Amino acid sequence: MLEIERSLVLIKPDAVRNGQSDEIISRLKKLGLKMAARKTLRMDRALAEKHYAVHKEKPFFKELVEYMTSAPIVAAVFGGEKAVAKIRQAMGATDPAKAEAGTIRADFGLNVTRNAVHGSDSVETAEKEISLFFTGDEIAAT
Ligand code: DAT
Ligand code: MG
């Protein structure tokens, strides 16, 4: 059976500032996925804390929220077969220094916090994350 999934992608502040958004989106489209929504926004603290709520007890939480709210990001919804796993694979490991060559984080990440891109880690998380960033009528059918 065809499993159409959706995933939330965030292009993080340094990658946006460095003009890498279009290249990153183009790599994701080459996976056979469709972009159903895209916008540039500056996350506020409340949104960042909700989006990363699962990490609120981690030592890096404060730095992560400060980074993600420091400058504009691009938020996008991608849809397609196995979208979650395909995007995670294209992103590479969380730490760009450990990410496989040719992955988005290996190519554009600066360090483990400033790692260029976010992608949802499961279908359930994806739907929750998408609803934090987009209303239903901002998203095209995929
Ligand atoms: P991922 O973004 O690969 O799903 P994660 O969910 O474990 O990774 O962490 C969310 C974000 O938090 C990650 O993209 C960057 C930051 N982060 C994770 N581990 C970190 C660490 N050890 N030091 C600093 N920031 C970290
Ligand atoms: Mg994660």
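Buried, in these notes, means under 20% relative accessible area. I'm working from a predicted model, and I keep that in mind throughout.

**Entry 1**

I began with Ala116, in the loop between H6 and S4. Is Ala116 buried or exposed? Its relative accessibility comes out at 3%, so Ala116 counts as buried. Its phi is near 75°, which is positive although the residue is not glycine. I noted that because most residues other than glycine have a negative phi.

Lys82 went on the list as well, with a phi near 50°, again positive in a residue other than glycine. I found Lys82 in the loop that runs between S3 and H5. Lys82 has 49% relative accessibility, so I put it down as partly exposed.

**Entry 2: the sheet**

Next I traced the strands. What is the strand order in the open sheet? I read the order of its 4 strands as S2-S3-S1-S4, with antiparallel pairing. Strand S2 (34-41) and strand S4 (117-119) are at the edges with a single partner strand each, so each has one side without a neighbour in the sheet. On average, neighbouring strands are turned by 15° against each other, direction ignored.

For the pairings, I looked at S3 (residues 73-81) from both sides. With S2, strand S3 pairs in the antiparallel sense over 7 bridges. Within that pairing I picked out Ala37, whose bridge partner in S3 is Val77, and Met35, whose partner in S3 is Phe78. With S1, strand S3 pairs over 8 bridges, also antiparallel. There, Val9 has Ala76 as its bridge partner in S3.

Why do I call S3 largely enclosed by the rest of the structure? Because 8 of its 9 residues are buried.

Helix H5 (residues 83-91) packs on it, and I see it touching S1 (4-11), S3 and S4. The direction of H5 makes about 35° with that of S1.

**Entry 3: His51**

I moved to His51, which sits in helix H3 (residues 45-51). At a relative accessible area of 6%, His51 is buried.

Leaving out neighbours within four places in sequence, I listed the contacts of His51 as Leu8, Leu10, Met43, His118, Glu129, Leu132 and Phe133.

**Entry 4: Arg105**

Last stop was Arg105, in helix H6 (residues 104-108). Arg105 is buried, yet I could find no salt bridge for it. How far away is the nearest side chain of opposite charge? That side chain belongs to Asp95, and I read the distance as 9.0 Å. For a salt bridge I'd need a side-chain nitrogen within 4 Å of a carboxyl oxygen.

With neighbours within four places in sequence set aside, the contacts of Arg105 include Met91, Gly92, Ala93 and Thr94. Also among them are Pro96, Ala99, Asn115, Val117 and His118.

Methods: Residues numbered from 1 in each chain as written. Chains lettered and ligands numbered in written order. Predicted model: local features only at pLDDT ≥ 70, side-chain atom pairs only at ≥ 80, totals over all residues. Heavy atoms only, no water. Helix = DSSP H or I, 4+ residues; strand = E, 2+ residues; numbered from the N terminus. Buried < 20%, exposed > 50% of the residue type's maximum accessible area, 1.4 Å probe, protein only. Lys, Arg positive; Asp, Glu negative; His and termini not counted. Contact = heavy atoms within 4.5 Å. Pairing = 2+ DSSP bridges. Axes fitted to C-alpha atoms, helices over the stretch in contact; angles between N-to-C directions.
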